[in-house]
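Please open the model in your viewer and keep the sequence panel beside it.

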Amino acid sequence: MNPSANGWIKKLLKEVAKNNSYLNVESETFYNALRDCGFIYGSNFDVVCNVIVNKDFTDEELSKTNLCLALLYTHTNTENNIPFIDSVINFYTEINELKTSFFNDLLSGKKSSEQLENILHKRIQIDDNFITKTFNYFIINVLLYIDVLAYQEYLVNKKISIDYIKNLESAIETISIGALNSKASKNQYDYSLIKLFESSLRYHDSTPIAYEEAIKFLKTDLEKYYVMDIACMATWSDKTIDDKEQLFLIKLSNDLNMDTIHISQSIKTINTFYSLHRNQIALLNSNNMARSFYNNSSKMVKKLIIRNSKRLYQELKDSKELMVLLTKSTQRDLTPMEQKKVQEQLLDIFKSIPSLAIFLLPGGAILLPLVIKFIPKLLPSAFDDNRIEE
């Protein structure tokens, strides 16, 4: 399945039909799975519940896939008689009719899986500039779970009130900023989160509401778990929660009538998740522009090579000189003349593989060293004499 190509939702639904056990778990269990894979935190690293296994998905592709799976779980476990795709499009149509411009030009015409693909693509706010994208969709993706909660509300009541979404966003904003402001001292991470929360809300754009009012808006267990996890995420900084932060979280759990097990689990989970993925999360990583460019370029090149590996390998087999040079590159640095030959012959090969056309564009040649780096690692092991299977 390729979440960046047309038809991915149909393929996903077909895969789910083969492995649909996740649809039968308890709602709290499924929520915990969304948290473990990073969906609740806005940084996805796995497909929820391992519904499908695909190691080359980008952050955005994982986000789209997990949002779709979360909506499907909600649809399956809430009584209704409207097909999934039609139901979700109806939901987003009603949101759009509530005087928002988020999905302009996406909701006209006959309902189809392609239309839903366009909606979900737009929903996660992908930045087409892979060089500079870092923080712009981070908090927006943290708030994706609001879509899931609102969709459940829509299915239960057969309609969705703009007040429900506004109130939920207002509560999240007030409690999250309250958690951030409870810190004894703030670092750049904290200030970044405050600005991102304030700029990422879709429906609520007025002065933050009072804390007591925010608590009243949170009624279901899933709403409370979600807000608690976001509050713990907001207080996270080098795995340290100072006394003021701890008092805030304890007060929050008491006000939400949550037991101590849930707050302990929320703190433990965010510590584990951020400690494990800290260097891969843009907001926690102080990479400079050059480093960000290299990291984002590497992900793109690796994905392109993986998805075209069979065709690329066949083309390489037909170019014996290039095969020899690439094999040598796994053992030593190539000379300038050899590097030039490799680049010229790779560009010739890319002309026959449409999805690798990016390397033929002006400036595309600067990515070729990454191609040379990844090819020996991703093609069959016979290609690399020095490969050691782990």
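Is Glu 15 buried, partly exposed or exposed? Glu 15 counts as partly exposed because its relative accessibility is 21%, where buried means under 20% relative accessible area, exposed means over 50%, and partly exposed lies in between (1.4 Å probe, protein chains only).

Before going further, note that this is a predicted model, in which local features need pLDDT of at least 70, side-chain atom pairs count only at pLDDT 80 or more, and totals for chains, interfaces and linings use all residues. Residues are numbered from 1 along each chain as its sequence is written, and side-chain values use heavy atoms, with hydrogens and water left out.

**The whole protein**

Show the cartoon first: the protein has 18 helices and 0 strands, with helices (H or I, at least four residues) and strands (E, at least two) taken as DSSP runs and numbered from the N terminus. Of its 390 residues, 49% are buried. Among contacts (heavy atoms within 4.5 Å), and counting those with a separation of 6 or more, 70% join residues 24 or more positions apart.

**Salt bridges**

Side chains of opposite charge can pair when their charged atoms come close. The whole structure contains 5 salt bridges, each being a side-chain nitrogen of Lys or Arg within 4 Å of a carboxyl oxygen of Asp or Glu.

Select Lys 18 together with Glu 15, which form a salt bridge whose closest N and O atoms are 3.6 Å apart. The two are separated by about one helical turn, because they are 3 residues apart in helix α1. Lys 18 is exposed, with a relative accessible area of 61%.

Next select Arg 35 and Asp 229, whose side chains meet in a salt bridge at 3.1 Å, N to O. This pair links distant parts of the chain, with Arg 35 in helix α2 and Asp 229 in helix α11, 194 residues apart. Both Arg 35 and Asp 229 are buried.

Then move to Arg 123 and Asp 147, a salt bridge in which the closest N and O atoms are 2.7 Å apart. Arg 123 lies in helix α5 (residues 113-123) and Asp 147 in helix α7, so the pair ties together parts that are 24 residues apart in sequence. Arg 123 is buried at a relative accessible area of 1%, and Asp 147 is buried at 2% relative accessibility.

**Around helix α2**

Which residues of α2 are buried? They are Phe 30, Tyr 31, Ala 33, Leu 34 and Arg 35, and if you colour them you can follow their packing against α3 (59-76), α7 (144-157), α11 (221-235) and α13 (260-277). Just after α2, Gly 38 takes a positive phi of about 105°.

**Two loop residues**

Cys 49, in the loop between α2 and α3, has a positive phi near 60° in a residue other than glycine, and Cys 49 is partly exposed at 34% relative accessibility. Select Asn 257 in the loop between α12 (243-255) and α13; Asn 257 also is not a glycine, yet has a positive phi of about 55°, and Asn 257 is exposed, with a relative accessible area of 69%.

**Helix α10**

For the last stop, select Ile 215 in helix α10 (residues 211-217), a residue that counts as buried at 13% relative accessibility. Leaving aside neighbours within four places in sequence, Ile 215 is in contact with Ile 175, Leu 252, Asp 255 and Leu 256. Ile 215 and Leu 252 are 37 residues apart in sequence and 8.5 Å apart in space, C-alpha to C-alpha.
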